[in-house]
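Here is a friendly walk through one model, element by element. Keep the viewer open and follow along as we go.

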Amino acid sequence: MTDRFRLFLVQANPALGDIAGNLAKARDYWAKGKAAGADMVALTEMFVTGYQTQDLILKPAFQREAIAGIEALAQECADGPALGIGGPALVGGKLFNAWYVLQAGRATATVLKHHLPNDSLFDEKRLFASADVAGPYVVNGVRIGSPICEDAWHPDVTETLEETGAEILLVPNGSPYHRGKPNLRLNLMVERVVETGLPLVYLNMVGGQDDQVFDGSSMVLNPGGQLAVQMPQFDEAVELVTFHRTAEGWRADHGTKAALPPIGEADYRACVIGLADYMRKTGFKKAVLGLSGGIDSAIVAAIAADAIGPENVRCVMLPSEFTSAHSLEDASAAARALGCKLDTLPIAGPQAAVTAALAPLFEGLEEGVTEENLQSRIRGLLLMALSNKFGEMLLTTGNKSEMAVGYCTIYGDMNGGYNPVKDMYKTRMFLTAKWRNETHRPWMLGPAGEVIPARIISKPPSAELRANQTDQDSLPPYEELDAILEGLVEKDLSVAELVAQGFALATVKRVEHLLYLAEYKRFQSAPGVRLTQKAFWLDRRYPIANRWRDRSAG
Ligand SMILES: Nc1ncnc2c1ncn2[C@@H]1O[C@H](COP(=O)(O)OP(=O)(O)OC[C@H]2O[C@@H]([n+]3cccc(C(=O)O)c3)[C@H](O)[C@@H]2O)[C@@H](O)[C@H]1O
Ligand SMILES: Nc1ncnc2c1ncn2[C@@H]1O[C@H](COP(=O)(O)OP(=O)(O)OP(=O)(O)O)[C@@H](O)[C@H]1O
Ligand SMILES: NC(=O)CC[C@H](N)C(=O)O
């Protein structure tokens with residue numbers, strides 16, 4: 001009887017749709033596991049296709065290529081350790097989210113997912129059939145049960161596996177980041193370990209995919225819930241875990257115990273990885289953004305410098321007659337501190353030309369928001385011209401507070417391919433800027449030190465679209481706005497509940513109105529990194545034409 005079982009865990013970053021590339025990665029990791037003397041090499045949920053595939057997985061040609069790839073992989077990895085890999089499976093004409101166990105040239109087990117996540121950003125019931133729960137499979141005489149991700153968030157699948165003889169639980173995941181997610185997963189997995197009395201391996205992928213960032217944080221728990229291995233959050237990593245058979249069952253040796261970063265740092269890292277992977281996976285090497293001397297564009301510049309290197313980030317100051325001297329100085333100081341190129345493109349010329357073109361139609365009409373927004377749109381036009389000419393993707397900079405209430409110009413500053421701060425509230429932007437100035441980590445490609453000049457953080461935010469404008473002319477103070485948004489968006493509170501918390505009825509109703517009104521802007525907005533469980537895109541899907549307003553407080 002085997003008394004030792006060695007499992008090679010692969011916390012890697014697949015590229016969605018790159019079936020050949022993901023198979024090549026799988027082969028390389030399998031060879032590493034073989035060289036390390038593993039009995040089994042484990043990869044994550046849907047590794048062969050990347051995750052989440054959304055409706056791409058419904059395309060028969062895509063399914064066929066992925067399944068054929070797994071069959072070929074089985075043969076290439078016949079001579080050595082077993083290989084566990086996620087991919088689609090077609091059984092009885094139905095499509096399943098599956099995890100294949102490849103041994104001796106074929107799939108000796110095809111585990112099919114039972115619990116299909118269908119809330120927040122998941123729509124798996126739309127894509128896959130739900131399978132009945134099956135028992136464990138055997139590798140080198142050890143019976144292993146593999147609940148697939150959501151399957152381990154409920155007690156029934158692991159209970160069945162334990163009752164049908166599983167000795168070790170190995171859970172492949174595609175679990176995306178949100179604030180505090182590692183702790184949530186740990187609590188759930190400890191529950192499974194305590195219920196079953198079995199050791200549990202939680203294996204998650206890493207990397208950015210559109211709005212989602214998968215943050216690894218894979219771990220191994222021994223019965224009782226003791227943490228034997230903690231793999232890092234966000235980094236690609238491998239770990240050879242050795243299990244020993246004891247009188248009480250299998251136990252994992254202690255291994256790597258990576259420290260997980262605090263939440264603020266994890267959010268920033270998610271923004272950096274989300275942007276870096278979006279660029280890499282869509283084929284961009286360089287980015288461009290408007291650097292105004294305000295905090296939003298300064299943080300986005302820092303994130304971009306950290307993600308793709310300051311030499312690949314072009315900052316552009318586009319001053320108008322309303323741009324203050326301190327904005328010019330602050331933009332220049334920020335670009336210098338980050339080591340990014342700064343171009344200056346005054347907008348007075350194009351603004352005069354557009355104003356003249358519109359003059360015959362606008363004659364006798366008062367100037368107002370139209371003219372203010374023209375400046376933003378001219379900036380957007382010039383920035384997109386640079387993007388076209390130099391192949392630099394335009395970054396847009398609207399934080400979550402602005403995106404919530406529509407404090408941004410459609411086809412103006414909303415222009416851009418990706419928004420790394422789309423899910424970060426303005427009050428967090430200030431904290432993030434301070435934190436980045438005080439902290440440098442090896443994964444940051446930008447420099448250490450005060451990369452966001454102190455005045456950018458301390459001065460009152462202004463769009464500078466008219467003389468002496470500040471954000472607080474149009475919006476409640478950000479502390480109040482964010483607290484109300486936290487209630488309306490993150491917690492789905494009613495207007496009455498917010499009023500009971502002490503907020504003025506008129507302010508809450510105005511914020512609620514702006515929130516609903518701005519749906520059309522968000523629908524046309526760039527994707528951005530998801531940090532919360534109510535990100536504007538998949539977590540919170542609202543109608544655009546919507547006459548409902550909450551009358552709970554009158
Ligand atoms: N339901 C709907 N479906 C589709 N389209 C709809 C629509 N409602 C309005 N629209 C369209 O949207 C237009 C109004 O939206 P928009 O043109 O954005 O203009 P609007 O939202 O009125 O103004 C932009 C606001 O953003 C502020 N801001 C803050 C920070 C930075 C910047 C900046 O630009 O740098 C701007 C600026 O001060 C101003 O308060 C309408 O004229 C109409 O064309
Ligand atoms: N003078 C400018 N030069 C270059 N880009 C600008 C200029 N003014 C605005 N922009 C672009 O439009 C975006 C929206 O402006 P907004 O005022 O909301 O942000 P900010 O200036 O970065 O920060 P804050 O809101 O704190 O002032 C900016 O982040 C920037 O990308
Ligand atoms: N891929 C999955 O099944 C993930 C679902 C799970 N609720 C998570 O977010 O981790």
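## Strand E3 and its partners

In this predicted model, eight of the ten residues of strand E3 (residues 82–91) are buried, so the rest of the structure largely encloses the strand. On one side, E3 pairs with strand E2 (residues 40–42) in the parallel sense, over three bridges. You can find this pairing in your viewer at methionine 40, which stands opposite alanine 82 of E3.

E3 also pairs with strand E4 (residues 94–103), this time antiparallel and through nine bridges. Leucine 83, for example, has leucine 102 in E4 as its bridge partner. The two strands E3 and E4 make a hairpin with two residues between them. Glycine 92 sits in that turn and has a positive phi of about 60°.

How well does the span of H2 agree with 1.5 Å a residue? Its 17 residues should span 24 Å, and the end C-alpha atoms are 24 Å apart, so the two values agree. The buried residues of H2 are Ala66, Ile70, Leu73 and Ala74. Looking down the axis of H2, these buried residues fall within an arc of 105°, which means that they line one face of the helix. As background, an α-helix has 3.6 residues a turn, so residues three or four places apart point the same way.

The cover over the buried residues of H2 includes helix H1 (19–35), together with E3, E4 and E5. The face of H2 turned away from its buried side carries the exposed residues Pro60, Ala61, Arg64, Ala68, Ala72 and Gln75.

## Backbone details worth a look

Some backbone angles deserve a check if you plan to work with these coordinates. The peptide bond that leads from tyrosine 51 to glutamine 52 is cis, with omega near -5°. Glutamine 52 belongs to the loop between E2 and helix H2 (60–76). Glutamine 54 is in the loop between E2 and H2 as well, and has a positive phi of about 50° although it is not a glycine. Is glutamine 54 buried or partly exposed? It counts as partly exposed, because it has 14 C-beta neighbours inside 10 Å.

Alanine 104 is another residue other than glycine with a positive phi, here near 50°. You will find alanine 104 in the loop between E4 and strand E5 (106–112). With 12 C-beta neighbours inside 10 Å, alanine 104 counts as exposed.

## The annotated binding site

An unreviewed UniProt entry carries the annotation "binding site" for Gly290, Leu291, Ser292, Gly293, Gly294, Ile295, Asp296, Ser297 and Thr397. These residues span 108 positions in sequence, yet no two of their C-alpha atoms are more than 12.5 Å apart, so they gather at one spot.

Glycine 290 lies in strand E16 (residues 286–290) and counts as buried because it has 28 C-beta neighbours inside 10 Å. Not counting residues up to four places away in sequence, glycine 290 touches Ser297, Val316, Leu318, Arg379 and Leu383. Glycine 293 is in the loop between E16 and helix H7 (295–308), and with 26 C-beta neighbours inside 10 Å it counts as buried. Leaving aside neighbours within four places in sequence, the contacts of glycine 293 are His326, Ser327, Leu328, Asp330, Ala331 and Ile456.

## Around ligand 2

Which residues come nearest to ligand 2? Of the 21 residues around this ligand, they are Gly290, Ser292, Gly294, Ser297 and Pro461. The elements that give two or more residues to the shell are E16, H7 and strand E17 (313–317). H7 provides the largest share, with three residues.

## Helix H16

Helix H16 (residues 505–517) has 13 residues and reaches 18 Å from its first C-alpha to its last, close to the 18 Å expected at 1.5 Å a residue. Within H16, the residues Val508, Val511 and Glu512 are buried. Seen down the axis of H16, the buried residues fall within an arc of 100°, so they line one face of the helix. Their packing partners are helix H11 (400–405), helix H14 (478–490) and helix H15 (495–500).

Notes
Residues numbered from 1 in each chain as written. Chains lettered and ligands numbered in written order. Predicted model: local features only at pLDDT ≥ 70, side-chain atom pairs only at ≥ 80, totals over all residues. Helix = DSSP H or I, 4+ residues; strand = E, 2+ residues; numbered from the N terminus. Expected span 1.5 Å × (residues − 1). Buried ≥ 20, exposed ≤ 12 C-beta atoms within 10 Å, placed from the backbone. Arc of directions from axis to C-beta. Contact = placed C-beta atoms within 7 Å. UniProt positions renumbered as here; feature names shortened; annotations may be inferred. Pairing = 2+ DSSP bridges. Near = placed C-beta within 6 Å.
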